[in-house]
Amino acid sequence: MVSQNGFMSGLSHTPQKKKKKKVVPSGPVVTGKLRPPRLRQVLPRPRLLEMAGLKSRPKLVTICAGAGYGKTTMMAQLAESLPYRWMWYQLDDLDHDPAIFIRHLITGVQLSLEGAGERSLERLEGVTDLKQEGEYVLQVLTDEIGEHLRDGFSIFFDDFHVFEEAPFAKGYIDCLVKHLPPGASVILASRRKPKLNLMPLRSKRSIRDIGRQDLQLSRSELKQLVESTWNYAIPEGSMKQIYDHTEGWVTGLVLLENYLKSNRELPELFTKSKKIRRHVYEYLAEEVLNRYSYLRQVLLKCSLIDPIDAAICDESMGTDDSAKLLAQAASLNLFVTDLGSGRFYRFHPLFREFLLARIGEELSNEELNRLRLRFGKAFEGAGETKKAVEQYLAGGFFQQAGTCIEPIWKQMISDGQYATLNRWTGQLPPDYLSSTLMICRGEALMAQGKFEQALKILQTAKSVIEPEVIEDRCRCAISMSECLSATGRNTEAITELETLSAAKIDQALLFQMISRMAVLYMRAFNEEKFNACIREAQAIFEKNPKLKKTGQLSMMMSVACLHHGHFTAARDLMIETLNAPDLNARNRNLVNNNLAYCLMLMGKYNQAFEIMTNCLKMVNKQRELRWLSGVLESYGCFLLAIGKKSHGKAFINRAINAENDLETKTSSCMPEAKCHLGTYSRRWGDMDAAIRFHSESLAISSLSGEREKYLEVANIVNLGADYLRNNFIDKSYEKLSNGLRKARKDKLNYFIMQIHFHRAWAAYLKGDEEEQTMNLRRALKIARENQQNHFLIQEGKISLPLFTLALANDIETEYASLILEQIGAASLTAIEPLLTHDEAAVRANAAALIGRIGEPNGIALLRRILRDIDPQVRNTAKSALGSLRGKLQAPDELLTGRERQVLAILATGASNGQIAKQLFISDQTVKTHVNKIFRKLGLTNRWEAALYFQSMERKNTTFEEEKIQPKFDYKELLN
């Protein structure tokens, strides 16, 4: 009888109307071989059923994958979904006897198709030699299937790879597939690709192939399996770990379910559970190693390298058949994947983990280490030094590992491979660390923010370097200076370099030392020595053309320009630096971060955000923790500047946390982050928080007795602005005056501009027009010269009255107009008073600016000035109104749905009466709508309305509302 799930109950697929005597062939028939497995709590996989394509009735479907990939389950699901009859055949070693195979096949057909199989059974009983007449019996059977076929019929063969070893298997299956009637099909499940004569069928597109990559679970299917089928809640991070480790291997995931049933909780990573690992290893041992013993040794030994190189394996193991055996393992789907060219392979992660555990049980430590030594020498001979290092370290051959690391570590530092170097040198015992390797370890530790550890090992390196080895001493000194500078000890850092600057060394190394000294002098605001270093670096630069490629001089000078507020020059120099062809990954990240910050301060937000996003991704990828906090802080500043308050604060807090994760707490990121938090707290009106953050930043920016002057001035200026917003004008003036003296002394133009702007605001609050005009003139002059408009934009909410003053008094009018244009709609409140100014030129400038801003609310202001007594003002207003209309891509924001209908008909030349008839409204209602349209769009007659509508049509604009999408998804980075 047929069960509800579509499987047969007993041995029959369909209810019998009458009980008939079954024809049972002579000889043994194992009825269990003809029963499909039961499906319990199985994940529905409609995509696989669709791939099989049984609706189009192919002659053959092959399902090939390794053990445990769900081939049998898929066939059972496929059989259950069929609307017609089918039979199941579980193949095993007994079927190597042709009589047993044919008897079971005929019995299966008899139980599935009523009346079929009688003639073929009679023919089978009369056969004396099945090797010669077996295919004829199968042809008789296919004829009977055709005679009794109704809607369709499918034969499912499970574990075909076992049966395929029989000498007659290929001929029998070829015969069966070839002679099956239309509508009938064969479905094979095998661990390897069947060796059948398939070309005639392929040419007719009568074959469907489903492989391992199709059978393995996708990420979405894994999530559905765990959450819906198993009803377990697993964090997304753990879900990703599980998928990456199992690669969708079904049996591995089923073993995980068994663990969950008994433990009811998920470990950090399920493969770390000894219980799960034991179950997985037992399964792999039984299904792979024990079953294919001739592959055992090559699989075990090749597990030591990843990916597997067959040539390296041959050289290391003294064989010549590694490629052949690995190809066989791949063809058998034994968790081995061919990566191409028949030489390179890889193991499934769980399978390799199992092999590594098993080889440790089967080989002694001495044998295992000797094998690793041979692998290391083979890799070294092939020029694959990094792989050689891994083998040497794993085998405890530290001398060989150190010898391999020394010639490649500088390039690895340039490529940002700090974590790998740190791991390698961390595995080397102290006795095997040469001075070169100590410098390498120090550089790697610094990149990961471990400054104190780096400093200790660099000091040890310095003590063991021989005095005559000048180049090593210089490299050590450069590294130590970076480490000391990062921890705020600029004086000590300079001293380290000054003692060796006169030594006779390679010009490239000398240039690097001089560049480093220039940066240190810049941070100490020693302008005289900074300029001296620049001159010396330029002299070396001109004599050595190769140095022009590195961009070091441009990078050094760009940082100086950025610190002193020369943003345009800094931007150009940074772009020049990035164009250097051999700029290493480490410096590229630094320059990109500085460039993004510079563009942000210039108000070029889109460019800044794109560069900052890429920079953050790269620093995260390289695990360059030294720069991570700085990049996060810059990213947070940007988001705060564009009004993304919650996400901006989250990034800045993450920057502070990243700073706290470093071994040293004295680098400048934390005070800078607190300084920015204070600035944006002031912008949001939280004055208590602003003063607290700026005071804390000022207190902790004193590093080892040396004051970071840049941060000191920044915090003094910000505290002055905080007090100003709190109406403590005298206290604010005192802070700003103190900051102005310090900023002028060190030529910090950016802060000088800010101070003048804040002082202008203070004068405005006091009503001192002469003082505010003087300070505003100075602030806007510096801002225009250096494109320092970020501060003006972010402070737009409190500085609009000052821009009114600037426009009214012809103070940097073009630049002030540009700032107001970028501020947008909010600036209309500053411009509106200028429309009634005594001077016609001021009114005209205000009208032109409204047109440039492009805000719909500006239409009413321009309509008002169209009645101005001065003809020049009226003409400017009319031109600005036309410009404003052109910037409004569609009138959705202004017109109602009915008004848009009226405008469309009006543009055809229709009168009010004609419009009323078309829309079934009164003439008076049409007149009201027309007046509102004219007022909202700034039109004066019907002709202008028609021209406006036609211009909108030419632009292919519609009256449908446009949905603006964000250009960047910063939320993804935050996660």
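Q: A crossing is left-handed if the near helix is turned anticlockwise from the far one by less than a right angle, and right-handed if clockwise. Left-handed or right-handed, then: what is the crossing of helix 24 and helix 25?
A: In this predicted model, helix 24 and helix 25 cross in the left-handed sense. The residues that make the contact are Phe451, Ala454, Leu455, Leu458, Gln459, Ala461 and Lys462 on the helix 24 side, with Cys476, Ser479, Met480, Cys483, Leu484 and Ala486 on the helix 25 side. Sorted by class, the contact of helix 24 with helix 25 has ten nonpolar, two polar and one charged residues.

Q: At what angle do helix 24 and helix 25 pack, and how far apart are their axes?
A: The angle is about 150 degrees and the axes are 10 Å apart, helix 25 being residues 470–486. Helix 24 is therefore roughly antiparallel to helix 25, since angles over 145 degrees count as roughly antiparallel.

Q: What about helix 23 and helix 24, how do their axes cross?
A: Helix 23 (residues 435–447) and helix 24 (residues 451–464) have axes that come within 8 Å and cross at roughly 165 degrees. Helix 23 and helix 24 are therefore roughly antiparallel to each other, and their crossing is left-handed.

Q: Which residues meet there?
A: From helix 23 there are Ser435, Met438, Ile439, Arg441, Gly442, Leu445 and Met446, and these meet Phe451, Gln453, Ala454, Ile457, Leu458, Thr460, Ala461 and Val464 of helix 24. By class, the residues of the contact of helix 23 with helix 24 are ten nonpolar, four polar and one charged.

Q: Stepping back, how many helices and strands are in the chain?
A: The chain has 52 helices and ten strands. It has 975 residues, of which 54% count as buried. Taking contacts between residues at least 6 apart in sequence, 68% of them join residues at least 24 apart.

Q: Changing topic to charges, how many salt bridges does a search of the whole structure find?
A: The search finds 22 salt bridges. One of the pairs is Arg191 with Glu287, where the closest N and O atoms are 2.3 Å apart. Arg191 sits in the loop between strand 4 (184–190) and helix 8 (199–203), while Glu287 belongs to helix 13 (residues 274–289), so that the pair links distant parts of the chain, 96 residues apart.

Q: Arg191 and Glu287, buried or exposed?
A: Arg191 is buried, with a relative accessible area of 9%, and Glu287 is buried as well, with a relative accessible area of 15%.

Q: Where do Glu147 and Arg119 lie?
A: Their side chains meet in a salt bridge at 3.0 Å, N to O. Glu147 is in helix 5 (residues 130–148) and Arg119 in helix 4 (residues 118–125), so the pair ties together parts that are 28 residues apart in sequence. Glu147 is partly exposed, with a relative accessible area of 46%, and Arg119 is partly exposed, with a relative accessible area of 40%.

Q: Which residue forms a salt bridge with Glu247?
A: Arg346 does, the closest N and O atoms being 2.6 Å apart. Glu247 is in the loop between helix 11 (236–246) and helix 12 (250–263) and Arg346 is in strand 8 (residues 344–347), so this pair ties together parts that are 99 residues apart in sequence. Glu247 counts as buried at 19% relative accessibility, because the cut-off for buried is under 20%, whereas Arg346, at 24%, counts as partly exposed.

Q: Which residues does His348 touch?
A: Not counting residues up to four places away in sequence, His348 touches Tyr69, His245, Thr246, Glu247, Trp249 and Phe335. His348 is in the loop between strand 8 and helix 17 (349–362), and it is buried, with a relative accessible area of 4%. From His348 to Thr246 there are 102 residues in sequence, yet the two are 7.8 Å apart in space, C-alpha to C-alpha.

Q: Last one: where does Gln772 lie?
A: Gln772 is part of helix 40 (residues 769–786), and it is buried, with a relative accessible area of 7%. Leaving aside residues up to four places away in sequence, Gln772 touches Ala760, Ala763, Tyr764, Leu802 and Leu805.

Notes: Residues numbered from 1 in each chain as written. Predicted model: local features only at pLDDT ≥ 70, side-chain atom pairs only at ≥ 80, totals over all residues. Heavy atoms only, no water. Axes fitted to C-alpha atoms, helices over the stretch in contact; angles between N-to-C directions. Helix = DSSP H or I, 4+ residues; strand = E, 2+ residues; numbered from the N terminus. Parallel < 35°, antiparallel > 145°, perpendicular 65-115°, else oblique. Contact = heavy atoms within 4.5 Å. Nonpolar A, V, L, I, M, F, W, Y, C, P; charged D, E, K, R; others polar. Buried < 20%, exposed > 50% of the residue type's maximum accessible area, 1.4 Å probe, protein only. Salt bridge = Lys/Arg side-chain N within 4 Å of Asp/Glu carboxyl O.
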